[in-house]
Amino acid sequence: MNYLYVACMAVWSGVIVWRIVFAGDRELHIRKIAGLESIDEAVGRATEMGRPILFASPSGGMDLPGLSSLAVLSRVARMAARYGTRLIVTAMDYLMYTMAEEICKEAYIAEGKGDLFDPPRDLHFINAQFPYAIGTAGIIHREQVAATFMFGYFNAESLLISEAGNQVGAIQVAGTDAIMQVPFFVVSCDYTLIGEELYAAGAYLSQEKTMMGSLAGQDIVKASVIALLIVGVVVTTWCGVFGYERNPFVEWLVNR
Amino acid sequence: MRRMLIMTVTFAGGLYYFCKFLFPREWGLQDTLPTVTGVIIAISALAIGIGVINLWIHHLQVIVRRRAGWYNSAALLVAMVTMLVSVLLKFYYPDSGTFKAFFQFLFQQVYLALDKTTFSLLALYMASAAYRSFRVRSREATVMMVVSLMVMLGQMPMGQQLTRDLASTEPTWNVFWQSLKFEHLRAWIMDVWNVGAQRGIAFASMAGAVAFSLRLWFSLERGSFFEDKS
């Protein structure tokens, strides 16, 4: 086991936990994330147009991006229930399907409109990549959805779904940490959350202090990573100029 | 009670994997991994079973009540039964060429053909999305279009031919002209700028993933798994 790696993870985790525990009453500022701000706008527009909203669950299943996407689904479902707008959810992973059903039920009940939510009509499960993509695109065209949300880890189906949304003129919000899919979402969606913004969605939407504290801890972690990068550049340059054997720091690091 | 149960199970699960990662192999936590993985697989298998039952109940209801699109439900159930029968026949009569051919027809000539057709749509969508993004509407779009053009020209043999003759007899200037060839510009953009940006995103995502995992582990994530506090 690489002890340096474990030590880094332990320290970074400790910093985040420290910021969560001592979040206190201090107001923490978080920059505006246009993609998350636009959720209300998208749901409002769908309500005005009398057309449904579509939430396409990620194909990555119940991994970290998938779990973070559920925070957005919860928000969208609450808003849809509040305004009486129909919400359609598609899922490619059976666990994600079950979680989505539970979250939608809770959201509709919390808004006092539990009877509006009809899982057989509004929840769709398609357990293969391209059937999922084409099935979701078919729903977008048939139902003429006014807004689509795609959050989590996507693969090649990202463009098939988002282009279908683009063709019907839906307002589209996407978020992914899949680097290969980011360009597809950027060109076909109105708003795109990139990388860490996806993980910040839950904290951003709830604005709860402990969760905001975790974001502050995350910033410290990022600052330390940048510092390590600078150290790496300096050390590599040193080795390039003076040679590896004359650098005691590198020698110590390698020997550990 | 329900919330407490979920929180306890989540924390215990997180603690197990955290300790497994952190503690030395000699402590024996690694040896328990097959058991834990087996439990997770069993739970997942139960979810699949429940899912199949739910699927049948739902689509049978749609067909019996003649709800809108009932014929889609009928097609789904017929396809499901046909595929299941073909797999079972192939499994129990492995020497039968007819059953094997029947299964292969369904899988390769029907399912895979439809799958590949869908995948091929991606090329069309890429072209339409690229056209939209390359239209010069702002300074950013112009920069993107110019950079994309350079990358495309550097990728294509025709583009490489355009700058083939860039050279000089003077060695210093020759290095300069060589670096302006489309294939070298493409490599510089893709290997330096693009990789740098991708690694930046990956680093930040890693930090975000660690923070998110800790929030999940301590059941702090609101509005998604527990009641909304806001």
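Colleague: Leaving aside its neighbours within four places in sequence, with which residues is Y199(A) in contact?

Modeller: In this predicted model, Y199(A) is in contact with L64(A), P65(A), S68(A) and D177(A) of chain A, and with S205(B), G208(B), A209(B), F212(B) and R215(B) of chain B. A contact requires heavy atoms within 4.5 Å. Y199(A) itself lies in helix α9 of chain A, residues 196-199.

Colleague: How far apart are Y199(A) and P65(A), in sequence and in space?

Modeller: They are 134 residues apart in sequence, and their C-alpha atoms are 6.9 Å apart in space.

Colleague: Why is Y199(A) called buried?

Modeller: The limit for a buried residue is under 20% relative accessible area. Y199(A) has 4%, so Y199(A) is buried.

Colleague: What makes S188(A) count as buried?

Modeller: Its relative accessibility is 2%, which is under the 20% limit, and therefore S188(A) counts as buried. S188(A) belongs to helix α8 of chain A, residues 182-188. Apart from neighbours within four places in sequence, its contacts are L159(A), S162(A), E163(A), N166(A), Q172(A) and R132(B).

Colleague: Which residues does G213(A) touch, and is G213(A) buried or exposed?

Modeller: G213(A) touches R19(A), I20(A), A23(A) and L28(A), not counting residues up to four places away in sequence. Its relative accessible area is 0%, so G213(A) is buried. G213(A) lies in helix α11 of chain A, residues 209-242. The C-alpha atoms of G213(A) and L123(A) are separated by 35 Å, and these residues are 90 apart along the chain.

Colleague: How many disulfides does the structure hold over all chains?

Modeller: The structure holds zero disulfides. For C104(A), the nearest cysteine sulfur is that of C189(A), 20 Å away.

Colleague: What classes of residue make up the lining of the second largest pocket?

Modeller: The lining has 21 nonpolar, five polar and no charged residues. The space in this pocket is about 1,200 Å³. Of its 26 lining residues, the closest to the centre are P183(A), F184(A), M144(B), S148(B) and N194(B).

Colleague: Which helix supplies the largest share of that lining?

Modeller: The largest share, seven residues, comes from α8(B). At least two residues each are supplied by α8 of chain A and by α4, α5 and α8 of chain B.

Colleague: In chain A, where is confidence lowest and where is it highest?

Modeller: Confidence is lowest in helix α12 of chain A, residues 248-255, at a mean of 67, and highest in strand β1 of chain A, residues 53-56, at 95. The mean pLDDT of chain A is 87, and 94% of its residues reach 70 or more.

Colleague: How many helices and strands are there in chain A?

Modeller: There are twelve helices and six strands. Of the 256 residues in chain A, 54% are buried.

Terms used
Residues are numbered from 1 along each chain as its sequence is written. Chains are lettered from A and ligands numbered from 1 in the order in which they are written. This is a predicted model: local features need pLDDT of at least 70, side-chain atom pairs count only at pLDDT 80 or more; totals for chains, interfaces and linings use all residues. Side-chain values use heavy atoms; hydrogens and water are left out. A disulfide is a pair of cysteine sulfur atoms within 2.5 Å. pLDDT is the predictor's confidence in each residue, from 0 to 100. Helices (H or I, at least four residues) and strands (E, at least two) are DSSP runs, numbered from the N terminus. Buried means under 20% relative accessible area, exposed over 50%, partly exposed in between (1.4 Å probe, protein chains only). On a 1 Å grid over the protein atoms alone, a cavity is a set of points where a 1.4 Å probe fits but cannot get out, and a pocket is an open set with protein on both sides within 12 Å along at least five of seven lines; lining residues have an atom within 4 Å of a point. Grid points are joined across faces, edges and corners, and a volume is the space filled by probe spheres set on the points. Ala, Val, Leu, Ile, Met, Phe, Trp, Tyr, Cys and Pro count as nonpolar, Asp, Glu, Lys and Arg as charged, and the others, Gly among them, as polar.
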